[in-house]
Amino acid sequence: MPEKFDVIVVGAGPAGTSCAYTCAKNGLKVLQIERGEYPGSKNVMGGVLYRKQMEEIIPEFWKEAPLERPVIEQRIWMMDKESTVSFGYKGLEWAQEPYNNFTVLRAKFDQWFAKKGVEAGVLLINETVANQCIVENGKVIGIRTDRPDGEVYADVTVLADGVNSLLGKQLGFHKEFRPDEVALTVMEVINLSKDKINERFNLSENQGCTIEIFGDSTKGNLGTAFIYTNKESINIGVGTTLSSMIKSRMKPYDLLDYLKTHPMVKPLIEGGEAAEYLAHLIPEGGYHSVPKVAGNGVLVVGDAAQLVNAIHREGSNMAMASGKMAAETIVEAKKKGDFSMDTLKGYKDKLYNSFIIKDLKKYKDATHTFENNPQFLRDYVPMLNRAASKFFTVDGTSKKDKQKEIMKTMTSERGTIKLIKDVYKAWKAVK
Amino acid sequence: MHIVVCVKQVPDTKIIKINPKTNTLDRRSAPAILNPYDAHAVQAAAGIKEAAGGEISVLSMGPPQAVEIIKKSVEIGADRGYLITDRAFAGADTLATSYALSKALDRISKEHPIDLIICGKHAIDGDTGQVGPGIARRLDIPPITNVIEVTDINKETRKVKVKRKIINGYELIETEMPCLLTVEKEINEIAYSPMPNMIKAARYNPVIWAVSDLEDVDKTQLGLKGSPTIVGKMFTPPKPEGGHMFEGAAEDQVKQVIDVLLQNKELFSVN
């Protein structure tokens, strides 16, 4: 008879490892399955790791985790073809403990995090694919892997198998995604010397910068591009909803090439050597796309539960928090000796009372609004650039006249009523 | 039947970079893996165990992190593993390595008498293929190198029949156990390990020995001191010259390639 565990966690990304780690720390017998050669080998994100949720799992992790740079400056660009309007915040309080967030390379970070799990007692098995949940009398009792004699059993199975959660779909927790529920992001890691990065981004030793780019970075389609500074490399990437990509017949790598050669971007990465090319789906359906997250003997966490806040580029932190909540629920269930939906739905309650679902709810219509109103990125960003150009160009016109002129062009380009409607729509979507 | 497989942790030479200044391997640039030939050696042992019964031990010398390749060997089918690790072993060439391993094999055989030793034909970082035969010489047992098939193994008569790769074909050799085989990749395909092996490996902690755990060791024969090999010169082979790099979007590049192919039709035509 195959061995039985307290918990099987499928996946070794931030959600899975947070859950496995927390369960093991609480004395549970945990088996974690990862399909990659090692944790992180198949995991992708732009590269910003938030301190808060990680710290709740491993206090003062920044002292030992393989991080790139603490982010001390966040810039936002509204970019047109040959110009950009930028704003942002740089604060030295973010350059010291406890920091705000960090840039990371996931292959390194996830490996380290999973190792902490193993040290806490998690039994981690790589290069193994979970093909199926084993269901008996309406209860998930384990998983079937692709290995010979591949069945393993547990009281609770945690699905942390990522955006395309095969197991979640099999259980009927969610359907195949619609193209507007996922974003396709492609990115490159470009090696560049530390000195060049510091110079080009105006940084000192151990300081990092992030730039989020809207507008021409996606050729006006719904999405964003990003540039993040690592120690000796730069992550540059761009993503749009799959539906936009299909609609505008764009190829993701063409879009990335376009971004890399854009006159506003090129000087930042020039001379760098492309070290890695990565692509990934990001669940961006938000609140409406969150599937069933708890069942008899089964919980769903992280990307598999669609926990991503696309507007604020938060995902890994939500993954970690959800993994931890799942673990806490399992510990309680173990105490009670009841792993049915009745007890496990405690996880859902935790999730819905936390910042995660509250934030997703706040922006529940945002993606939808922006998807259906392409003018926000397509028209307003160039408009904003023209306005800024006009405003800052000294040509003898009085400032008051300039303001009038700017307002006039804006209302005439889009129409006053439409403009007011758009402002209201945008406000409603993010309020 | 007790089979011992000697395994080595090596940098993955498929992706390793070379430090252009010193011409040495930049070991940080590549992950450490179980030497591929040694993986086939463990698989060969698993095959013999399946046919003739018995148990499989693996032995490695290396830094503490070499525990990983012992675990990997357990995934493939080893029952237990030994790692000898000590500063005194550092800097060993093939002579000193085979000496240290033979001392560890002495100790293993006291607890579990050894019938058969299997090694990979060489490690992919050094490509010397000397450690296997070196061990056999020191233990005074017959070495058979470049084995591509174990055709028969008989516990009663203690006879082993193997096929050995030579330049023009193969030799069929029979010898008596205990003996030492070094194996080629052709000997088998690494099986996809069953789940129970994976679980066992994830939990497994090998036996770890320092020099002081081994008996009758002449310390002057260990590590750098015991290594007469002198590296005279190291160089990276020059990069092949010529070639042409295509640039532009994927479609343009394909067009350029097609143009070149069409311009040089005669080079690519079958007739």
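**Notes on the two-chain model**

1. Let me start with a residue worth a look: B:Asn146 counts as buried because it has 20 C-beta neighbours inside 10 Å. For reference, a residue is buried if 20 or more other C-beta atoms lie within 10 Å of its own, exposed if 12 or fewer, and partly exposed in between, with C-beta atoms placed from the backbone. B:Asn146 is not a glycine, yet its phi is positive, about 55°. The residue is found in strand 9 (residues 143-154) of chain B; helices (H or I, at least four residues) and strands (E, at least two) are DSSP runs, numbered from the N terminus.

2. Before going on, some ground rules. This is a predicted model, in which local features need pLDDT of at least 70, side-chain atom pairs count only at pLDDT 80 or more, and totals for chains, interfaces and linings use all residues. Residues are numbered from 1 along each chain as its sequence is written, and chains are lettered from A and ligands numbered from 1 in the order in which they are written.

3. More backbone points to check. Most residues other than glycine have a negative phi, and most peptide bonds are trans. B:Arg158, not a glycine, has a positive phi of about 60° and lies in the loop between strand 9 and strand 10 (159-166) of chain B. With 15 C-beta neighbours inside 10 Å, B:Arg158 counts as partly exposed. A cis peptide bond, with omega about 0°, joins A:Glu97 and A:Pro98; A:Pro98 is in the loop between strand 5 and strand 6 (101-103) of chain A. In chain B, the bond from B:Met177 to B:Pro178 is cis too, with omega near 0°, and B:Pro178 lies in the loop between strand 11 (169-176) and strand 12 (179-183).

4. Now the domains. Chain A is divided into domain 1 (4-67 + 105-175 + 289-362), domain 2 (182-283) and domain 3 (367-430), with bounds from an automatic or database domain assignment. The centres of domain 1 and domain 3 of chain A, taken over C-alpha atoms, are 44 Å apart. At residues 367-430 of chain A, UniProt (unreviewed entry) places "domain: FixC-like C-terminal". That stretch of chain A is 86% helix and 0% strand, and its end C-alpha atoms are 10 Å apart.

5. The 18 residues of helix 13 (residues 375-392) of chain A should span 26 Å at 1.5 Å a residue, and the end C-alpha atoms are 24 Å apart, which agrees; the expected span is 1.5 Å times one less than the number of residues. Buried residues in helix 13 of chain A include A:Leu377, A:Tyr380 and A:Leu384. The buried residues of this helix pack against strand 4 (71-79), strand 5 (84-90) and strand 12 (208-215) of chain A.

6. On the interface, 11 residues of chain A are in contact (C-beta atoms, placed from the backbone, within 7 Å) with 9 residues of chain B. Strand 7 (residues 123-125) of chain A gives the most to chain A's side, with 3 residues.

7. Finally, the core. The largest nonpolar core has 178 residues, and those with the most contacts inside it include A:Val158, A:Leu299 and B:Ile118. Such a core is a set of buried Ala, Val, Leu, Ile, Met, Phe, Trp, Tyr and Cys residues joined through C-beta atoms within 7 Å.

Methods. UniProt positions renumbered as here; feature names shortened; annotations may be inferred. Contact = placed C-beta atoms within 7 Å.
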